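Q: I would like to go through a structure with you before setting up any calculations. Could you take my questions as they come?

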Amino acid sequence: MTPVLRTDRLEFTPYRPEDEDAFVALLRDEEVCRWMGQEQVPEADLRVLFRAILTDVYPKRLFDVWGVWCDGVYVGHAEVKKTGNVDGHELVTALAPRYWGKGLGTEVVRGLLRHAADNLGLKEAYGMVGDGNAASLAMCRRLGFRHVRDVVGDDGTVTKMLVISTTEVS
């Protein structure tokens, strides 16, 4: 079962039905989509995805996924799940743009790394960051992520595959 996680300023809680509109708004945001390296998805599809988290992901314990909250306000989304790119687990995060540049991204990643080590027994975790996402790449460098390889999409976009030890977070 996906646990509730806490950091100094953040609370990671499994999604509840009443969180649907916040989830959809985050993943409909053009800037969020651009930096996550994905196309904007129609609202109806995001609502189906959200409901699948509640009806499939949680009951089947497929992976851990949370809404991220700061002082009771929804600020983003986080996941730890197996990745198809390598034999391992990937950290996925997305913050609403108004919360960028406040250190919350670093706090989210550190919280996910602690969960990966303490609750999942993982020795390392991966991240996939778009080549043009300078802010996220800089954060990953500060935390101690190492570059594994570049993944080039069919459209020529480059995503950096990064890895970090869960026990040696800077």
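A: The questions and answers below concern this structure, which is a predicted model.

Q: Start with the fold. How many helices and strands does the protein chain have?
A: The protein chain has five helices and eight strands. In sequence order, they are arranged as β-β-α-α-α-β-β-β-α-β-α-β-β.

Q: And how compact is the protein chain for its length?
A: The protein chain is as compact as a globular protein of that length, because its radius of gyration is 15 Å and the globule rule gives 15 Å for 170 residues. Along the principal axes, the C-alpha atoms occupy a box of roughly 40 × 40 × 30 Å.

Q: What share of the residues is buried?
A: Of the 170 residues in the protein chain, 44% are buried.

Q: What about contacts between residues 24 or more positions apart?
A: Such pairs account for 57% of the contacts in the protein chain, counting those with a separation of 6 or more.

Q: Is Cys33 buried or exposed?
A: Cys33 is buried, because its relative accessibility is 1%. Cys70 also counts as buried, with a relative accessible area of 16%, since the limit for that class is under 20%.

Q: Then what is the phi of Asp71?
A: Asp71 has a phi near 50°, again a positive value in a residue other than glycine. Asp71 belongs to the loop between β3 and β4 (73–83), and its relative accessibility of 76% makes it exposed.

Q: Changing topic to the strands: where does Ala125 lie, and what surrounds it?
A: Ala125 lies in strand β6, which covers residues 124–130. Ala125 is buried, at a relative accessible area of 0%. Beyond its neighbours within four places in sequence, Ala125 is in contact with His89, Leu91, Leu113, Phe145, Leu162, Val163, Ile164 and Thr166.

Q: How far is Ala125 from His89?
A: The C-alpha atoms of Ala125 and His89 are 5.4 Å apart in space, while the two residues are 36 residues apart in sequence.

Q: Which residues does Thr13 contact?
A: Apart from neighbours within four places in sequence, Thr13 is in contact with Val4, Trp66, Gly67 and Trp69. Thr13 is part of strand β2 (residues 10–13). Thr13 is buried as well, with a relative accessible area of 13%.

Q: Over to the helices. Where is Arg110, and is it buried or partly exposed?
A: Arg110 is in helix α4 (residues 104–118). Arg110 is partly exposed, having a relative accessible area of 40%.

Q: Last one: what can you say of Gly156?
A: Gly156 is placed in the loop between β7 (146–152) and β8 (158–165). At 47% relative accessibility, Gly156 counts as partly exposed. Gly156 and Gln38 are 118 residues apart in sequence, and their C-alpha atoms are 13 Å apart in space.

Definitions and conventions. Residues are numbered from 1 along each chain as its sequence is written. This is a predicted model: local features need pLDDT of at least 70, side-chain atom pairs count only at pLDDT 80 or more; totals for chains, interfaces and linings use all residues. Side-chain values use heavy atoms; hydrogens and water are left out. Buried means under 20% relative accessible area, exposed over 50%, partly exposed in between (1.4 Å probe, protein chains only). Helices (H or I, at least four residues) and strands (E, at least two) are DSSP runs, numbered from the N terminus. The radius of gyration is taken over C-alpha atoms; the globule rule is 2.2 Å times the number of residues to the power 0.38. Contact means heavy atoms within 4.5 Å.
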